[in-house]
Amino acid sequence: MLPSRPYPPGTRIGLTTTIPVEAVLAAGLIPVDLNNLFISSPWTLARVSAAEAAGFPRTICAWVKGIYATLTDHPEIEAVIVACQGDCSYTQALGEILEAQSREVIHFKYPYPRERGQLQQELEHLLARLGTTPAAAARMQARLAPLRRNLRRLDRLTWETGQVKGEENFSYLISSSDFASDPEAYARKVAGFLGQAEKRPRRSPLVRLGMVGIPPIFTDLWDYLEELGAGVVFNEMPRQFSMPYPGLDLVEQYLRYTYPYDVFGRLADLEEAVKERRLDGLVHYTQSFCFRQMFDQIIRERLAIPLLTIEGDRPTPLDSRTRMRLEAFVDVLRP
Ligand code: SF4
């Protein structure tokens, strides 16, 4: 028997992070990644300030404040899926604040430690909550497979032939958390872009970098690295958001995804990328007031590659100190 539909088709559902988006789409709902909605708006800084004016402390991550204020400006987003385990140490509190303001909150938990049975259960709960079934989600996964294949191609064109720039790679892969709220239009956009990129001449940056960590909040990081002659040929998290492992069932797909689980899965993924993509160095982006900053130490210790750690706070251009540090790092790596 089909579960009853709690939301009419076309209802917009906010996501605080990457969750099994197939569930949202299978239910006929529109996923909206709140991070992307926040960072792509012209009012990013104003939204961080608005959250502070509403009472969020200065010492809370700007992404959380941005999501909160963005939601205030988007009442059409009827419910929010909050990953209260496996994402962010602030998410549970954010969910409670939203509930207190009468926003509907749906909880989703990535199991910790990584465990198939628990993830399957969580996924089934989510599907039932959204009014759909595992079979419908599996059909949606199959429908998305050509699009995910094209995203893998786009990624290859970044590190194999250099026909896709690091920033383009970042922007296409990061949007795969919600497929820009319209998978069909997004698939056409990706296919069109690939058609153009494949006609570009091949190029090889002087310095091959990997960008590690949560998505940087800086507005001009890739442009500046390009100016220095360094190409970002690996964007760790955006690539993870694109679910780059084909041929898995839906539970396995989100079990293989490294972001919500322990750091060791990330380390294995990073080691492989360093080797396969012939990286010269890594830039580890860390966010002010984020618990994930603590992983810097272990990443630095375990990976035998030069690594520069930078920290961002608000959605602004790079500050002069970070620009100088990036320049010095690229200079050292330049052949
Ligand atoms: S950067 Fe860190 S603290 Fe901020 S939302 Fe992401 S995980 Fe949470």
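How many helices and strands does the protein have? It has 15 helices and eight strands; these are DSSP runs, with helices being H or I of at least four residues and strands E of at least two, numbered from the N terminus. The model is predicted: local features need pLDDT of at least 70, side-chain atom pairs count only at pLDDT 80 or more, and totals for chains, interfaces and linings use all residues. Residue numbers start from 1 along each chain as its sequence is written.

**Whole chain**

Select everything. The radius of gyration is 20 Å, close to the 20 Å from the globule rule for 335 residues, so the protein is as compact as a globular protein of that length. That radius is taken over C-alpha atoms, and the rule is 2.2 Å times the number of residues to the power 0.38. Along the principal axes, the C-alpha atoms fill a box of roughly 65 × 45 × 35 Å.

Colour by burial. Of the 335 residues, 43% are buried (20 or more other C-beta atoms within 10 Å of the residue's own; exposed is 12 or fewer, partly exposed in between; C-beta atoms placed from the backbone).

**Helix H3**

Select residues 44-53, helix H3. Show Thr44, Arg47, Val48 and Ala51: these are buried. They sit on the same side of H3, because their arc around the axis is only 100° (directions from the helix axis to the C-beta atoms).

Now turn to the face away from the buried side. Ala46 and Ala53 are exposed there.
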